[in-house]
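Here's a guided look at one protein model. Have the sequence and the 3D view ready, and let's go through it piece by piece.

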Amino acid sequence: MTSDVAPQTAIDLLRRMERIRLLEEAIAERYPEEKMRCPTHLSTGQETVPSAIGVALRRDDQVFSTHRSHAHYVGKGGDLGALVAELYGKAGGCCGGRGGSMHLSDRSVGFVASTAIVANSIPLAVGAALANRLLGNGRVGCALFGDAAVEEGVFSESVNFAALRALPVLFVCENNQYSVFTHLRDRQPAGRRIHEMVAAMGVRTVVGDGNDALAVLAAVEDAAAHARNRKGPVFLEFATYRWREHCGPFYDNDLGYRTAGEFEAWRARDPVARLEGELVSRGDLDAAGLRSLQESVRAEVAAAFDVAEASPFPPAADAYRELFVAQDGMPSQGSHTE
Ligand SMILES: Cc1ncc(C[n+]2csc(CCOP(=O)(O)OP(=O)(O)O)c2C)c(N)n1
Ligand SMILES: [Mg+2]
């Protein structure tokens with residue numbers, strides 16, 4: 001029940017959503033400075049699911065992400081300075097400035113990897129879940145992905161194996177209806193509902209409104225308990241909407257692949273504003289408390305850009321470090337010239 005969410009938990013959820021919103025808006029604003037030289041896929045409008053994952057999962061549960069990775073990292077508790085420095089290609093980035101926007105990794109918060117190839121981190125989450133089961137460590141693996149990922153073969157293979165072995169893994173689909181410019185209706189047969197397709201594979205499924213943050217949190221908490229209690233994987237599908245262009249800082253409603261009316265209808269259901277209103281009406285925050293939360297997040301975002309600006313670029317020789325694993329299983333420390 002969403003009303004059961006404790007005030008501190010609800011405020012934690014809102015703080016994560018504000019972090020994503022304000023950070024992504026700052027990235028969009030500062031992108032034209034050309035200090036962030038990697039492509040960026042922003043999640044403005046899609047703040048709910050990554051934040052709920054971060055609140056519901058344990059710090060050592062492992063999240064695997066996609067091209068749209070910033071929000072997933074921030075939601076899981078990632079360091080804002082380490083993220084922005086990574087976008088700047090600086091040594092202080094979470095991957096030493098060598099990964100960029102789509103290749104984030106930070107094991108200290110259970111954010112194992114993000115990759116740019118649609119669906120290819122899904123089997124990694126299943127592999128982590130298999131290891132967790134064998135090690136008996138009680139951790140849950142979690143794959144976050146978009147609606148297009150379910151069209152890749154490896155998605156079905158991963159779900160099948162996880163179902164067969166009842167692995168502790170969550171498959172979390174942020175269904176924003178689009179794969180770049182192409183709507184679901186042009187990619188999948190009429191009448192298909194993704195969660196029904198997955199349910200037919202023998203997996204517990206949940207479908208929900210991705211703009212209803214408290215309901216999303218309740219669903220993820222329930223799913224995580226299910227997976228952790230050895231009851232098997234859960235597939236969760238949440239309806240959401242990307243406000244900005246697929247890749248980059250701008251709006252692209254002028255391109256014609258979606259209508260301004262559709263965009264406005266989703267923007268009117270702003271998930272951040274909705275949760276703000278709910279917490280005030282629940283009495284978890286008053287207007288002053290909300291303002292001070294927003295101000296503290298604004299300060300965190302500004303500090304993150306300061307960290308990125310102040311961090312040095314990595315030395316050129318670092319480009320070759322840790323690319324290969326030697327026979328002893330340790331990362332190679334030397335340069336590789338092949
Ligand atoms: C295997 C593969 N095919 C195509 C692409 C090009 N591509 C990058 S993102 C993307 C759209 C993915 O859509 P979705 O999974 O719904 O995520 P969203 O961008 O909507 O968050 C595509 C087709 C890719 N990176 N990998
Ligand atoms: Mg999509």
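## Around the ligand

Let's start with ligand 1: of the 15 residues around it, Val118, Gly146, Asp147, Ala148 and Ser179 come nearest. (A residue counts as near a molecule or strand if its C-beta atom, placed from the backbone, lies within 6 Å of it.) Two elements each give two or more residues to this shell, namely strand S3 (141-146) and strand S5 (178-179). Helices here are DSSP runs of H or I with at least four residues, strands are runs of E with at least two, and both are numbered from the N terminus.

What classes of residue make up the shell around ligand 1? The shell has eight nonpolar, five polar and two charged residues. For these classes, Ala, Val, Leu, Ile, Met, Phe, Trp, Tyr, Cys and Pro count as nonpolar, Asp, Glu, Lys and Arg as charged, and the others, Gly among them, as polar.

## Where this comes from

Keep in mind that this is a predicted model: local features need pLDDT of at least 70, side-chain atom pairs count only at pLDDT 80 or more, and totals for chains, interfaces and linings use all residues. Residues are numbered from 1 along each chain as its sequence is written, while chains are lettered from A and ligands numbered from 1 in the order in which they are written.

## The sheet

Now find the open sheet of six strands, in the order S2-S1-S3-S4-S8-S7, with parallel pairing. Its edge strands are S2 (111-114) and S7 (204-209), each of which pairs on one side only. Two strands pair if DSSP finds at least two bridges between them. Neighbouring strands of the sheet are turned by 15° against each other on average, direction ignored.

Zoom in on S1 (residues 62-65): three bridges join it to S2, and the two run parallel. There, Ser65 stands opposite Ser114 in S2.

## H1 and H10

Two packed helices are described by the angle between their axes and the distance between the axes. The axes of H1 (residues 7-30) and H10 (residues 271-282) come within 10 Å and cross at roughly 150°. Axes are lines fitted to C-alpha atoms, for helices over the stretch in contact, and angles run from 0 to 180 degrees between N-to-C directions.

That angle makes H1 roughly antiparallel to H10. (Under 35 degrees counts as roughly parallel, over 145 as roughly antiparallel, 65 to 115 as roughly perpendicular and the rest as oblique.) On the H1 side, Ala10, Ile11, Leu13, Leu14, Met17, Glu18 and Arg21 meet Pro271, Val272, Leu275, Glu276 and Leu279 in H10; residues are in contact if their C-beta atoms, placed from the backbone, lie within 7 Å. Nine of the contact residues are nonpolar, none polar and three charged.

How do H2 (residues 48-56) and H8 (residues 213-228) cross? Their axes come within 9 Å and cross at roughly 45°, so H2 and H8 are oblique to each other.

H5 (residues 122-135) and H6 (residues 153-165) have axes that come within 9 Å and cross at roughly 15°. That makes H5 roughly parallel to H6. Ile122, Pro123, Val126, Ala129 and Leu130 of H5 make the contact with Val154, Phe155, Ser158, Phe161, Ala162 and Arg165 of H6. By class, that's nine nonpolar, one polar and one charged.

Conventions: Two residues are in contact if their C-beta atoms, placed from the backbone, lie within 7 Å.
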